[in-house]
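Please look over the fold, the helix packing and one loop of this protein. The report below takes them in that order.

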Amino acid sequence: MKEIKAFVKPNRIHKIIEALTDNGFESMTLSQGEGTGAFKAKGARPSLDFHITDSPIVKIELVCQNEEAQAAIEIILANGKTEEPADGIIYISDIEDAFKIKTGESLKRYNL
């Protein structure tokens with residue numbers, strides 16, 4: 001299994017989620033966040049919550065089968081890209097196993 005974490009611009013999130021869902025990636029987690037980076041957007045201003053950040057982001061997290069990971073990455077790339085710099089970043093991690101909280105059942109046996 002692979003875990004995909006993508007940090008994207010908020011104005012691209014609806015397009016990305018719609019494309020992922022249309023291609024069978026229905027379970028994901030979204031988190032609002034703020035970040036820092038080398039690129040400083042024109043008109044960027046410090047956060048009211050964190051005095052060191054200047055860039056709102058949305059983090060998408062999803063877990064998929066190994067053979068599905070490249071398709072998910074390509075969907076995020078195609079739908080997250082803009083004409084502006086600093087569109088975000090995608091991280092990929094291996095997931096050894098996952099467990100259902102209610103039953104304690106391992107999802108590894110399902111190859112999920």
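Helices (H or I, at least four residues) and strands (E, at least two) are DSSP runs, numbered from the N terminus. This is a predicted model: local features need pLDDT of at least 70, side-chain atom pairs count only at pLDDT 80 or more, and totals for chains, interfaces and linings use all residues. Residues are numbered from 1 along each chain as its sequence is written, and side-chain values use heavy atoms, with hydrogens and water left out.

**Fold**

The protein has 2 helices and 4 strands. Along the sequence they follow the pattern β-α-β-β-α-β. Of the 112 residues, 29% are buried. Buried means under 20% relative accessible area, exposed means over 50%, and partly exposed lies in between (1.4 Å probe, protein chains only). Contact means heavy atoms within 4.5 Å. Among contacts with a separation of 6 or more, 72% join residues 24 or more positions apart.

**Helix packing and core**

Two packed helices are described by the angle between their axes and the distance between the axes. Helix H1 (residues 13-22) packs with H2 at an angle of about 150°, and their axes are 9 Å apart. Axes are lines fitted to C-alpha atoms, for helices over the stretch in contact, and angles run from 0 to 180 degrees between N-to-C directions. On the H1 side, Lys15, Ile16, Ala19 and Leu20 take part; they meet Ala72, Ile75, Ile76, Asn79 and Gly80 in H2. By class, this contact has 6 nonpolar, 2 polar and 1 charged residues. Ala, Val, Leu, Ile, Met, Phe, Trp, Tyr, Cys and Pro count as nonpolar, Asp, Glu, Lys and Arg as charged, and the others, Gly among them, as polar.

The largest nonpolar core has 17 residues. Such a core is a set of buried Ala, Val, Leu, Ile, Met, Phe, Trp, Tyr and Cys residues joined through side-chain atoms within 4.5 Å. Strand E1 (2-8), H1, strand E3 (55-64) and H2 each give two or more residues to this core. The largest share, 5 residues, comes from H2. Phe25 is one of the residues with the most contacts inside the core. Leaving aside neighbours within four places in sequence, Phe25 is in contact with Leu20, Leu62, Cys64, Glu68, Ala71, Ala72 and Ile75.

Lys81 sits in the loop between H2 and E4. Asp87 is in the loop between helix H2 (69-80) and strand E4 (88-94). Ala86 lies there too, between H2 and E4. Ala86 has a positive phi of about 60° although it is not a glycine. Lys9 belongs to the loop between E1 and H1.

| Residue | Relative accessible area | Class |
|---|---|---|
| Lys9 | 18% | buried |
| Ala86 | 47% | partly exposed |
| Lys81 | 57% | exposed |

What does the side chain of Lys9 reach? It reaches the backbone oxygen of Pro85 at 3.2 Å. Not counting residues up to four places away in sequence, Lys9 touches Thr82, Glu84, Pro85, Ala86 and Asp87. The side chain of Asp87 makes a polar contact with the side chain of Thr82 (2.5 Å). A polar contact is a pair of N or O atoms within 3.5 Å; within protein, one must be able to donate a hydrogen and the other to accept it, and residues adjacent in sequence count only if both atoms are side-chain atoms. Beyond four places in sequence, Lys81 is in contact with Arg12 and Asp87. Lys81 and Arg12 are 69 residues apart in sequence and 8.0 Å apart in space, C-alpha to C-alpha.
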